[in-house]
Amino acid sequence: MKWPATSYRRASSLGDVWQAFAEGGAGVQLLAGGQTLLATLAFRLSEPALLLDITRIPTLRGIALHGGALRIGALTTHAGLGRDPLVARHAPLLAQAVPLIAHPAIRNRGTIGGSLANADPAAELPACAVALEATLVLASAQGERRVPAGEFFTGLLSTALRPGELILAVEVPIGRGGSITEIARRSGDYAMCGLALVGARPVFFGVGDGPVLARGAGAALARGDVEAACAALDTDLDPPTDMHGPPAMKRHLARVLLRRAAAPRQEQAA
Amino acid sequence: MSQRTEITLTVNGERVTRSVEARRHLVDFLRLDLGLTGTHAGCEHGVCGACTVRVDGVIVRGCLVVAASLDGAEVTTVEGLADSGEIRALQAAFVARNAAQCGFCTPGMVMTAADILRHHPEATRAEIREHLSGNYCRCTGYQAIVDAVQDVLEAAR
């Protein structure tokens with residue numbers, strides 16, 4: 001369907017954003033890569049009064065080492081994450097996730113800030129952020145605040161973002177390594193089940209209303225007991241029935257992924 | 001009421017200025033405002049890839065780009081690539097391999113294939129399939145399309 005009638009404005013600074021929020025309130029929809037947002041317009045799932053284009057705001061760009069963390073600007077595209085040397089060196093999990101996200105043409109425009117703000121429960125980057133214990137740097141007219149990724153995702157397509165607030169950047173602790181695996185029917189589809197594993201922090205996606213940190217499985221992994229970790233998923237995960245299948249199938253896929261991801265760790269230990 | 005924005009951009013090497021509605025996506029801008037009907041509007045929600053065009057050097061989904069946001073951008077469509085000769089070998093290979101059936105997906109397929117030629121000239125068959133995986137062919141003529149792209153890549157090596 002064609003998009004609903006709306007209006008468009010380009011913000012060139014954060015000041016422009018605060019002013020637009022002050023004037024337009026809830027009718028203001030931030031537009032970054034637009035790779036999910038514009039599809040929701042086509043479905044008439046959203047009808048914003050104003051699309052506020054934030055892609056030309058310089059403070060939302062760039063990737064740099066900042067203290068002991070890698071600070072990734074919210075406007076960093078998936079393709080940009082995939083080819084950045086600092087990401088490859090200090091947060092390789094994010095680079096590994098990129099080929100799993102949609103398709104090349106989408107990755108050229110979709111942004112990390114957009115993916116985190118949208119909080120799709122089957123998306124890769126929210127799970128990576130939780131597994132890496134990243135911190136989201138949020139800003140509003142009142143100033144900045146920092147929210148751990150583990151507290152940022154509050155439910156289905158819901159986050160800790162308040163009205164009038166946006167994501168400035170994501171700060172990822174460096175040198176954490178990790179791996180990401182997922183099972184999807186077709187290349188580029190949202191995962192039926194996925195796993196971002198960093199150390200003994202297994203974070204599943206596509207099995208709940210957001211990224212799910214499997215604490216029982218993590219405790220078992222820390223002891224090196226993969227079978228106990230798989231068993232713990234029965235209580236760690238409470239997947240809903242969705243178009244892919246029932247909870248039992250999701251738990252099965254989660255165990256398959258956990259064994260795959262944990263196998264190299266066992267080999268290292270041996 | 002849909003508010004309008006004036007944009008000046010480069011399309012296939014030509015500078016154009018137009019006033020566009022905020023609700024206009026890039027595909028409709030190309031097809032309806034500029035008469036460039038080579039780019040096809042398929043699903044119009046970012047799934048099928050028929051509307052793939054190049055913006056500032058990289059391929060994008062035309063249906064997921066706000067035309068009003070393109071002030072200063074450089075857009076290249078399948079017409080532009082045909083005129084410049086960049087896709088001459090691809091066009092010949094698509095004909096030779098019968099890679100266009102109904103033809104609806106073909107412009108998007110060719111735009112994505114041209115992206116492989118530019119950025120991944122060493123792509124294997126599996127990598128070609130992966131790169132094209134966001135472009136749907138409802139005739140399901142995928143083997144012939146991948147064959148055509150592979151022929152061009154191998155001939156260039």
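The report below takes confidence, the chain interface, the domain interface and the salt bridges in turn.

**Basis and confidence**

This is a predicted model, in which local features need pLDDT of at least 70 and side-chain atom pairs count only at pLDDT 80 or more, while totals for chains, interfaces and linings use all residues. Residues are numbered from 1 along each chain as its sequence is written, chains are lettered from A and ligands numbered from 1 in the order in which they are written, and side-chain values use heavy atoms, with hydrogens and water left out.

The predictor gives the complex an ipTM of 0.96 and a pTM of 0.96. Mean pLDDT (the predictor's confidence in each residue, from 0 to 100) is 97 for chain B, and 99% of the residues of chain B reach 70 or more.

**Chain A against chain B**

Chain A and chain B each bring 29 residues to the contact (heavy atoms within 4.5 Å). Together they bury about 2500 Å². Carbon and sulfur atoms account for 54% of that area. Buried area is the accessible area (1.4 Å probe) that two parts lose on being put together, summed over both. Three residues lead on the chain A side: Trp3(A), Tyr8(A) and Arg109(A) supply 26% of the area that chain A buries against chain B, more than any other three residues.

The polar side of this interface has 2 salt bridges and 14 residue pairs in polar contact, both residues at pLDDT 80 or more. A salt bridge is a side-chain nitrogen of Lys or Arg within 4 Å of a carboxyl oxygen of Asp or Glu. A polar contact is a pair of N or O atoms within 3.5 Å; within protein, one must be able to donate a hydrogen and the other to accept it, and residues adjacent in sequence count only if both atoms are side-chain atoms.

On chain A, strand 1 (7–10), helix 2 (37–42), strand 3 (50–53) and helix 6 (104–107) each give two or more residues to the side that touches chain B. Helices (H or I, at least four residues) and strands (E, at least two) are DSSP runs, numbered from the N terminus. By class, that side of chain A has 14 nonpolar, 8 polar and 7 charged residues. Here Ala, Val, Leu, Ile, Met, Phe, Trp, Tyr, Cys and Pro count as nonpolar, Asp, Glu, Lys and Arg as charged, and the others, Gly among them, as polar.

**Domains of chain B**

Chain B is divided into domain 1 (4–77) and domain 2 (85–156), with bounds from an automatic or database domain assignment. Their C-alpha centres lie 22 Å apart. Domain 1 of chain B gives 16 residues to the contact and domain 2 of chain B gives 15. The two domains bury about 1200 Å² between them, 53% of it from carbon and sulfur atoms. In domain 1 of chain B, His40(B), Arg54(B) and Ile59(B) lose the most area to domain 2, together 42% of what that side buries.

The rule finds 1 salt bridge and 6 residue pairs in polar contact across this interface, both residues at pLDDT 80 or more. Strand 3 (52–55) and strand 4 (58–61) of chain B each supply at least two residues of the domain 1 side. Strand 3 of chain B gives the most, with 3 residues.

**Salt bridges**

The structure holds 18 salt bridges over all chains, including these.

| Pair | Closest N to O distance |
|---|---|
| Lys2(A) and Asp28(B) | 2.7 Å |
| Arg71(A) and Glu171(A) | 2.9 Å |

Arg71(A) lies in strand 5 (residues 69–73) of chain A and Glu171(A) in strand 10 (residues 166–173) of chain A, so this pair ties together parts that are 100 residues apart in sequence.
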